[in-house]
Amino acid sequence: MPIQYYIFLALTLFSIGMVGVLTRRNAIIVFMCIELMLNAVNLLLVAFSKMQYNLALTNNKATVAGTEAQLFVFFIMVVAAAEVSVGLAIIVMMYRNIHSVDVNFLNRLKN
Amino acid sequence: MSATQLLFWFLSALALLGAIMVLISKNPVHSVLWLITVFFAISGHYILMNAQFLAIVNLIVYAGAIMVLFLFVIMLMNLDKTTDPQKNWWMKLAGVISGGCLLMEMATLVRQAAEMKGKTVMMKTGDIGLIGHLGKFLFNDYVVPFEISSVLFLSAMVGAVVIGKKN
């Protein structure tokens, strides 16, 4: 498949996630849309790794050209898992104090 | 259209449908289930590109652990009731338009880029996605980030417990 198809798919998933972060009021849904954005980037990185592998294969039959991108995806998953645990702890704390997970509510607490 | 292309289009359509349903669903539990569908579609893409290790890790970590954690939080705090409809739909429209503008701008850029023309992604074969080769790279060249990520996990665990403590 040409790389543009993968780029467009990842871009569309990323912007759908971004619209979710901007639009939704429930803090948990916002968090899930952040995970969606991270996954879109993961998909794009793996597609690029296979593209580089394909390009390098024409020069050298035993190449390992695209491996770094897949390891980077692995580390992104590591960071996402750690971030989810801390973020959900924060959301639980927020719920315990104000009994709502509405992100607009925290804005009104300013005054 | 070959089987590979058919599978690519089907998985892409499933991922996009799942993503849009995550946004649209009123019930948070439905959003979680649609997001799990998206993760399955993305893992299918990984398998199509022969990134086998990442496909399995994606399923185990994201769909298996992170989404279960989300479901725990939603069910234990009784948030599965449908939230109130937002009265301000101009804000929603503004959000959708700004997201659409970002997508359009980036898609235009990609369309014009000369470096992206003619490059294809190798599907179904390729040794770099196999766990042996990835493991060799990870433990020879990238062992320091690997050890640091264990420290990151430790700090995340300690942070989560400290934040969640009742005084």
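Residues are numbered from 1 along each chain as its sequence is written, while chains are lettered from A and ligands numbered from 1 in the order in which they are written. Because the model is predicted, local features need pLDDT of at least 70 and side-chain atom pairs count only at pLDDT 80 or more, whereas totals for chains, interfaces and linings use all residues.

Student: How many helices and strands does chain B have?

Tutor: Helices (H or I, at least four residues) and strands (E, at least two) are taken as DSSP runs, numbered from the N terminus. Read along the sequence, the pattern of chain B is α-α-α-α-α-α, and the count is six helices and zero strands.

Student: Is chain B more spread out or less spread out than a compact globule?

Tutor: The radius of gyration is taken over C-alpha atoms, and the globule rule is 2.2 Å times the number of residues to the power 0.38. For 167 residues that rule gives 15 Å, and the 20 Å of chain B is well over this, so chain B is, relative to a compact globule, more spread out.

Student: How far apart do the C-alpha centres of domain 1 and domain 2 of chain B lie?

Tutor: By an automatic or database domain assignment, chain B is divided into domain 1 (3-129) and domain 2 (130-167). Five residues of domain 1 of chain B are in contact with four residues of domain 2 of chain B, where contact requires C-beta atoms, placed from the backbone, to lie within 7 Å. The C-alpha centres of these two domains of chain B are separated by 24 Å.

Student: Which element gives the most to the side of chain A that touches chain B?

Tutor: Between the chains, 59 residues of chain A are in contact with 66 residues of chain B. The elements giving two or more residues to the chain A side are α1 (3-23), α2 (27-57) and α3 (67-98) of chain A. With 20 residues, the element that gives the most is α3(A).

Student: How many of the 31 residues of α2(A) are buried?

Tutor: A residue is buried if 20 or more other C-beta atoms, placed from the backbone, lie within 10 Å of its own, exposed if 12 or fewer, and partly exposed in between. By this criterion α2(A) is largely enclosed by the rest of the structure, because the number of its 31 residues that are buried is 22.

Technical notes. Contact = placed C-beta atoms within 7 Å.
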